[in-house]
Amino acid sequence: MTHQQRRRALSALAATAGLVAGALAAAPHATAAPSGPAIPFGSHQIPYAEGVLKPSGSPSAIDRQVIDKYKAWKAAFVKQNCGNGWYETLSPDADHPYVGEGQGYGMVVTALMAGADNDARKIFDGMVKYVLAHPSSNNSGLLAAEQDKSCKSIDGSDSATDGDLDVAYGLLLADRQWGSSGTYDYKSLAVKHINAIKKSEVNPTTHLMLLGDWSTPGESHYWISRSSDWMADHFRAFKTATGDGTWDTVRAAHQKVITSQQSKYAANTGLLADFVVSTNSTPKPAPGKVLESANDGDYGWNACRDAWRIGADAVTGGDAASLASARKLNGWIKSKTGGDPGKIVTGYHLDGSAFDSGKDMAFTAPFAVAALTDPGSQAWLDALWSKLAASPVDPKLYYGASVQLQSMIVASGNYWVPQGS
């Protein structure tokens, strides 16, 4: 989120809620006859890396559990509240009703669920229309990160990196699913969005993600990066889509900092801080509040997504660095909880001690993705899966529900990285 990002103060809730840049405005293409998705949900066409686990049970039963969760998530959060043919992802537990992170989630989820939802393309195009109508004030190729209940951009209309990364990724998924000859040229919009991210959300010195396009040289957050923005699979897809070797450099820089942060500051846990500072010299966990809370240097409401993000790259690409990082996280949490997912809480110091006692799917669900990477964790994975499948979507908690759903999509074998069209 942006510098006005909320502190997701949900730790007092014991409920376990169940987890979806604009590109430069482009003239819509003539509408082509709709066709089915190339990779419909449940087809399992793109296998994961060798040795990756899957939840026990029939694939069709596992897929049905994901579809049921998707339907509940969609009913709660996918809205048409502002007309104009837009579809928006509602975020009732954020500072504002609509945030860039949510629009990115919505696009990725909708594209991946095509085939299970006959309206997926219609909804996706409505989401694209919304994104294009809300450009960042700093770089019109990016998405303004916050809108009010009237869908009007507010708080400076600047961007948030996590939302933009997912918007671009969602457009690449859509290009692979449906091609780019319909209402929108998804591929062209994706490339424009990726190039805008490179220009305004990648630190050109460190090659690490900035917090948003509002963080410019001389700004106090310029040498800070958010660990949940370190999406190696996205960078891999961006390289394929653009042919730009910069994305190989970006990917390597993020994997290096993940490995080093785990080694130096969390050798026994693998946990990463919400925010890493001093990226231009010696990257280290935030010493206290640098953006959101006194726990910015801990494993909190941002870093809780890391096991999902790192694990998603590990299982789809088999990358050794991502596998090692995900396995560190998995080994620690399995031991910490004694194999009981109900013991995962909403906040840990990097040494593994808890600083909070709440329960939320945003913290629990990502560990199911990390568990996929360890051949010795079948029972642990099954326990996690059962927890995720049984935990209902709380319509008041978009964040946890969105992380839950996306983690289930990955864990069920239905996630994939677009590798061109």
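This is a predicted model: local features need pLDDT of at least 70, side-chain atom pairs count only at pLDDT 80 or more; totals for chains, interfaces and linings use all residues.
**Confidence**

The protein chain has an average pLDDT of 92, and 91% of the residues score at least 70.

**The disulfide**

A search of the whole structure finds 1 disulfide. The bond joins Cys82 and Cys151, whose sulfur atoms are 2.1 Å apart. Cys82 is in the loop between β1 (78-79) and β2 (88-89), whereas Cys151 is in the loop between β4 (146-147) and α4 (161-178), so the pair ties together parts that are 69 residues apart in sequence. Because the torsion about the S-S bond of Cys82 and Cys151 is about 80 degrees, the disulfide is right-handed.

**Helix packing**

| Helix pair | Angle between axes | Distance between axes |
|---|---|---|
| α2 (residues 100-112) and α13 (residues 398-411) | about 30 degrees | 11 Å |
| α4 and α6 (residues 232-242) | about 55 degrees | 10 Å |
| α1 (residues 59-77) and α12 (residues 378-390) | about 35 degrees | 10 Å |

Helices α2 and α13 pack at an angle of about 30 degrees. That angle makes α2 roughly parallel to α13, and α2 passes α13 in a left-handed crossing. On the α2 side, the contact involves Glu101, Gly102, Tyr105, Val108, Val109 and Leu112; these meet Tyr398, Tyr399, Ser402, Val403, Leu405, Gln406 and Ile409 of α13. By class, the residues of the contact of α2 with α13 comprise 9 nonpolar, 3 polar and 1 charged.

From α4, the residues in the contact are Leu165, Asp166, Ala168, Tyr169 and Leu172, while α6 supplies Asp233, His234, Phe235, Ala237, Phe238 and Ala241. The contact of α4 with α6 consists of 8 nonpolar, 1 polar and 2 charged residues.

Helices α1 and α12 pack with their axes 10 Å apart, at an angle of about 35 degrees. The crossing of α1 and α12 is likewise left-handed. In this contact, Ile62, Gln65, Val66 and Lys69 of α1 meet Trp385, Leu388 and Ala389 of α12. The residues of the contact of α1 with α12 fall into 5 nonpolar, 1 polar and 1 charged.

Key. Residues are numbered from 1 along each chain as its sequence is written. Side-chain values use heavy atoms; hydrogens and water are left out. Axes are lines fitted to C-alpha atoms, for helices over the stretch in contact, and angles run from 0 to 180 degrees between N-to-C directions. Helices (H or I, at least four residues) and strands (E, at least two) are DSSP runs, numbered from the N terminus. Angles under 35 degrees count as roughly parallel, over 145 as roughly antiparallel, 65 to 115 as roughly perpendicular and the rest as oblique. A crossing is left-handed if the near helix is turned anticlockwise from the far one by less than a right angle, and right-handed if clockwise. Contact means heavy atoms within 4.5 Å. Ala, Val, Leu, Ile, Met, Phe, Trp, Tyr, Cys and Pro count as nonpolar, Asp, Glu, Lys and Arg as charged, and the others, Gly among them, as polar. pLDDT is the predictor's confidence in each residue, from 0 to 100. A disulfide is a pair of cysteine sulfur atoms within 2.5 Å.
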